[in-house]
Amino acid sequence: MDLDARSPIDPECDEQVRTAIAGRDLDTLATLSDRLWHHLPAAYAPELLGLLADLPDTVVEARPRLLLAGLVAHQVEHGEHTAALPVVKQAVVTHGRRYARTARSFRERADVLAAGVCAVVSARMHGAHAEAQRLAEKVARHLETDAPAPGPWNASRTSTRPGLLELQQGVTAVLAGTPEIAVNHLSRSYAESGPGPFQHFAGAEAAAVLAMLATFRGHPDLAQTWLRRHEELGEVPGALRPALTLPARVARARTALDALDRVGAERWLTEAGDTADAGELWPFLAAVRAEHARLFGDPLKGLLQLDEACFAHGARADRYAPGGHVVVRARADLLTQAGEGSQVLHLAQAVPADLSLPVAQVYLRADDAREAGRIAARAIRDPATSPRDAVGLRLVLAAAQHRLGDADAARESGAAARRLGTSMRSTLVSVPLEDRVALADLGALAPEDTLPDLDGNHRPLPLVRLTRRETVVLHELVDGGTLSAVADRLGVSVHTVRSQSSSLYAKLGASSRADAIARAEHLGLLASRDRSEGA
């Protein structure tokens with residue numbers, strides 16, 4: 001195979017690679033894999049795979065750098081087949097388990113790093129984020145003890161995969177839902193990045209992930225800074241571009257949605273590819289697709305697509321799994337837009353994700369302005385609330401204040417939301433059209449902020465709120481107990497259970513036990529019961 005004319009590999013290095021492959025010089029090939037990093041498996045995938053196929057598995061596993069290069073080569077060579085990525089993932093998991101025990105036993109520093117990274121990714125793919133971080137810290141300490149980190153003037157930074165371990169620690173923290181830890185690791189990965197065209201890959205991916213996090217948090221200017229840094233670090237091999245640049249495409253799609261640029265968002269979502277085929281950061285792509293459905297499409301179809309993405313990755317949209325904080329929030333936003341307020345409230349009770357904004361929106365749409373305003377005001381004061389949510393919450397607060405007759409407070413809250421959300425026009429859809437019009441009439445919003453074409457599904461919606469005892473009675477009825485049996489288990493009279501059942505039926509709009517159970521299932525009132533049974 002001739003080298004692509006755009007390949008940065010010079011003829012002398014090309015000859016070294018081909019000679020090493022032909023002569024089965026594994027040590028030289030491993031050293032070249034350090035120097036060329038992703039370019040080696042991208043440029044020599046058929047030859048590398050042919051060599052590795054002829055070697056005993058034990059020989060390949062004893063050389064972690066070549067093993068990882070082979071896995072990348074397999075992805076490059078068979079990337080058009082949907083089964084390629086699962087095969088690579090399974091190989092990482094299998095070898096990573098063994099490397100978790102043996103990584104620090106390798107003599108070569110580069111092999112310790114490669115084996116350690118494989119072990120970290122393997123643990124992460126099992127959702128064992130704490131274990132992944134523990135492994136990464138052990139490898140980092142071992143590498144620091146082995147030799148001091150090279151300075152930016154040191155030539156060895158051109159052949160040591162700089163920033164790779166920090167990148168993996170950052171991605172682990174992202175999926176674990178600890179963005180502040182993720183930002184620290186990812187920033188260090190970017191700072192440690194080596195020069196292009198061979199040693200910048202970890203830094204480039206770290207910058208892309210940081211851009212993605214910034215857009216989700218609500219820092220558009222910072223996101224643009226990281227996107228610029230991502231581009232400045234240089235190109236990546238074409239065959240690996242979809243995987244290595246996915247976070248940047250997600251960030252650009254989210255930025256376009258913030259600007260209500262439907263065409264731009266759809267272009268970047270198309271380039272990002274199918275969520276089912278995405279790598280570990282798929283929850284963020286799924287969330288952006290859900291936001292597109294919320295703003296421009298059908299929220300019910302968006303819920304179906306979100307569930308499909310979760311199913312493809314063995315997750316559930318109502319569970320707090322790896323990256324689940326992003327998926328749960330996307331589900332809550334879609335349910336709110338679809339008018340399923342009761343499901344949103346029960347989802348908020350069942351998961352640790354912060355759903356203050358969708359919950360406040362639900363109460364506003366249920367015409368409970370006082371409760372909507374209370375939740376919004378409390379969340380705005382919480383320092384953990386993201387700037388993005390703070391804008392939406394201020395709009396909800398302004399709408400609630402206006403409905404309660406406090407025009408001055410509404411004007412102040414709405415104006416603050418507009419000042420803070422200049423670059424995030426999508427947050428205007430946090431309140432119904434009639435509230436946006438009212439706030440514009442007050443002067444809190446500009447006339448163009450009413451967005452009449454984005455009214456969505458903002459019809460008033462009834463809420464079903466059960467007491468704790470009514471919830472217990474509901475679960476007992478699901479189990480098929482008679483009124484007398486339920487009374488015995490709860491230690492109350494049959495009359496009390498009958499009264500609570502009548503109240504329960506009335507709230508659910510049901511006339512029988514079967515109707516009540518079906519209605520409760522639809523509203524998500526049995527979700528907590530399902531979780532406890534699955535524990």
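Trainee: In which helix is the place of Ala20?

Mentor: Ala20 sits in helix α1, residues 11-22. Helices here are DSSP runs of H or I with at least four residues, strands are runs of E with at least two, and both are numbered from the N terminus. Before we go on, note that this is a predicted model, where local features need pLDDT of at least 70, side-chain atom pairs count only at pLDDT 80 or more, and totals for chains, interfaces and linings use all residues. Residues are numbered from 1 along each chain as its sequence is written, and side-chain values use heavy atoms, with hydrogens and water left out.

Trainee: Is Ala20 buried or exposed?

Mentor: Buried means under 20% relative accessible area, exposed means over 50%, and partly exposed is in between, using a 1.4 Å probe and protein chains only. Ala20 has a relative accessible area of 2%, so it is buried.

Trainee: And which residues does Ala20 touch?

Mentor: Contact means heavy atoms within 4.5 Å. Leaving out residues up to four places away in sequence, Ala20 touches Asp25, Thr28, Leu29 and Leu32.

Trainee: How many residues does the largest nonpolar core have?

Mentor: A nonpolar core is a set of buried Ala, Val, Leu, Ile, Met, Phe, Trp, Tyr and Cys residues joined through side-chain atoms within 4.5 Å. The largest one here has 150 residues, and Val17, Leu29, Leu186 and Phe284 have the most contacts inside it. Helix α12 (residues 201-217) gives the largest share of this core, 11 residues. A second, separate core has 14 residues, including Leu508 and Leu523.

Trainee: What is Leu186 in contact with?

Mentor: Setting aside neighbours within four places in sequence, its partners are Leu167, Gly170, Val171, Val174, Ala206, Val209, Leu210 and Leu213.

Trainee: Why is α12 largely enclosed by the rest of the structure?

Mentor: Because 16 of its 17 residues are buried. For the 17 residues of α12 that gives 24 Å, and the end C-alpha atoms are 24 Å apart, which agrees. Just after α12, Gly218 takes a positive phi of about 105°.

Trainee: How do I read a pair of packed helices?

Mentor: Two packed helices are described by the angle between their axes and the distance between the axes. Axes are lines fitted to C-alpha atoms, for helices over the stretch in contact, and angles run from 0 to 180 degrees between N-to-C directions. Take α17 (residues 282-296) and α18 (residues 299-312): their axes come within 8 Å and cross at roughly 170°. Angles under 35 degrees count as roughly parallel, over 145 as roughly antiparallel, 65 to 115 as roughly perpendicular and the rest as oblique. The two helices α17 and α18 are therefore roughly antiparallel. Trp282, Ala286 and Ala293 of α17 make the contact with Pro299, Gly302, Leu306, Ala309 and Cys310 of α18.

Trainee: What should I look for in the backbone?

Mentor: Most residues other than glycine have a negative phi, and most peptide bonds are trans. Here, a cis peptide bond joins Gly196 and Pro197, with omega about 5°, and Pro197 is found in the loop between α11 (179-192) and α12. Arg24 has a positive phi, near 55°, in the loop between α1 and α2 (26-36). Leu451 also has a positive phi, about 45°.

Trainee: Is Leu451 buried or exposed?

Mentor: Leu451 counts as buried, at 12% relative accessibility, whereas Arg24 is partly exposed at 43%.

Methods: Expected span 1.5 Å × (residues − 1).
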